[in-house]
Amino acid sequence: MVDLTGNHVVKAICPRCDGNGYIRLHDGSECDCGQCECQGEVTLPAEQCRMNVEGGVEARGKKSGECI
């Protein structure tokens, strides 16, 4: 289990592509995710993350729909 308290960074699911590594555009085509560089994970401060129902770590703004 990941410690989400304190002043350190953790790997979290990319909030832009949902961990897929690509983004689907309005016209149906796909492009690489620039936020995670196609890796599916980003490094965020622990205080900006939360545990999701599946046990993964994601950005707090992901639940509320905010962008980071």
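Q: What share of the contacts with a separation of 6 or more comes from residues 24 or more positions apart?
A: In the protein chain, such pairs account for 50% of the contacts with a separation of 6 or more, where contact means heavy atoms within 4.5 Å. Please keep in mind that this is a predicted model, in which local features need pLDDT of at least 70, side-chain atom pairs count only at pLDDT 80 or more, and totals for chains, interfaces and linings use all residues. Residues are numbered from 1 along each chain as its sequence is written, and side-chain values use heavy atoms, with hydrogens and water left out.

Q: OK, and how many helices and strands are there in the chain?
A: The protein chain has one helix and six strands, arranged along the sequence as β-β-β-β-β-β-α. Helices (H or I, at least four residues) and strands (E, at least two) are DSSP runs, numbered from the N terminus.

Q: Where is confidence lowest, and where is it highest?
A: Helix α1 (residues 60-64) is lowest, at a mean of 71, whereas strand β3 (residues 30-32) is highest, at 95. The protein chain as a whole averages a pLDDT of 85, and 90% of the residues score at least 70; pLDDT is the predictor's confidence in each residue, from 0 to 100.

Q: What about the inside: how much is buried, and what makes up the largest nonpolar core?
A: Of the 68 residues, 31% count as buried, which here is under 20% relative accessible area, with exposed over 50% and partly exposed in between (1.4 Å probe, protein chains only). The largest nonpolar core has 13 residues, and those with the most contacts inside it are Val10, Cys14, Cys36, Leu44, Cys49 and Val57. Strands β1 (9-13), β4 (41-45) and β6 (57-59) are the elements that give two or more residues to this core. A nonpolar core is a set of buried Ala, Val, Leu, Ile, Met, Phe, Trp, Tyr and Cys residues joined through side-chain atoms within 4.5 Å.

Q: Which residues does Val10 touch, leaving aside its neighbours within four places?
A: Its partners include Val2, Leu4, Val42, Leu44, Cys49 and Val57.

Q: Switching to Glu58, is it buried or exposed?
A: Glu58, in strand β6, counts as buried because its relative accessible area is 11%. Its side chain makes a polar contact of 2.4 Å with that of Arg50. By polar contact I mean a pair of N or O atoms within 3.5 Å; within protein, one must be able to donate a hydrogen and the other to accept it, and residues adjacent in sequence count only if both atoms are side-chain atoms.

Q: Which way does phi go at Glu37, and where is the residue?
A: Glu37, in the loop between β3 and β4, has a positive phi of about 55° although it is not a glycine. Most residues other than glycine have a negative phi. Cys38, in the loop between β3 and β4, also has a positive phi, of about 65°. Glu37 is exposed, with a relative accessible area of 61%, while Cys38 is partly exposed, at 38%.
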